[in-house]
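Please load the model in your viewer and keep the selection panel open.

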Amino acid sequence: ATVETLSSYFETVSAAVEQDGGIIDKFIGDAVMALFNAPTLLANHPSAACRAALSARKNLLQATPGQPQLNVRFGLHTGEAIVGNTGTRERFNYTAIGDAVNLASRLEGLNKFFGTRILASEEVRTQAPEFSWRLLDRVKVAGRTGTVQVYELLDKEAADIYAAAVCLY
């Protein structure tokens, strides 16, 4: 049952990523590492990544009857990375490494602290203004000096509920 659930999860996330022009870099345990804007350039890749995350989350929430509902989290950041084949002569793979990749991973993990599902950096929010965003905090993350402004990416329904709650407040 675990392998079936994980396979279904990977299929759902992979389909959303690929539909919006991204590629699957790798599966890391139960995590999916996806890239946008590599190996080929993708216009407005931050928006594509946001659409993919929202789509994957929506599709995962509509779990098949009898399948457990998965508590998935996404971390979105855009920036420069070293992208290409890396490894040894006998074993290598295409991947991305660098500070931008590390920050996306840290944002994914911060969802647990904030009780959120999709966190993004200021860079993503700035380059994808057509989406609904909720400023959460400025945080210090491992491996970086200074702080990072963190936003939650909201779907339309969540954004409307949040706006109504702010008005009532």
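A salt bridge is here a side-chain nitrogen of Lys or Arg within 4 Å of a carboxyl oxygen of Asp or Glu. The model is predicted, so local features need pLDDT of at least 70 and side-chain atom pairs count only at pLDDT 80 or more, while totals for chains, interfaces and linings use all residues. Residues are numbered from 1 along each chain as its sequence is written, and side-chain values use heavy atoms, with hydrogens and water left out.

Select Glu108 and Arg73 to begin, a salt bridge whose closest N and O atoms are 3.2 Å apart. Glu108 belongs to helix H3 (residues 99-114) and Arg73 to the loop between H2 and E3, so the pair ties together parts 35 residues apart in sequence; helices (H or I, at least four residues) and strands (E, at least two) are DSSP runs numbered from the N terminus.

Asp20 is buried at 13% relative accessible area, whereas Arg51, at 39%, is partly exposed; buried means under 20%, exposed over 50% and partly exposed in between (1.4 Å probe, protein chains only).

Now select Cys50, Leu76, Ile118, Phe131, Trp133 and Leu153, the residues with the most contacts inside the largest nonpolar core, which has 25 residues. Such a core is a set of buried Ala, Val, Leu, Ile, Met, Phe, Trp, Tyr and Cys residues joined through side-chain atoms within 4.5 Å. Helix H2 gives the most to this core, with eight residues.
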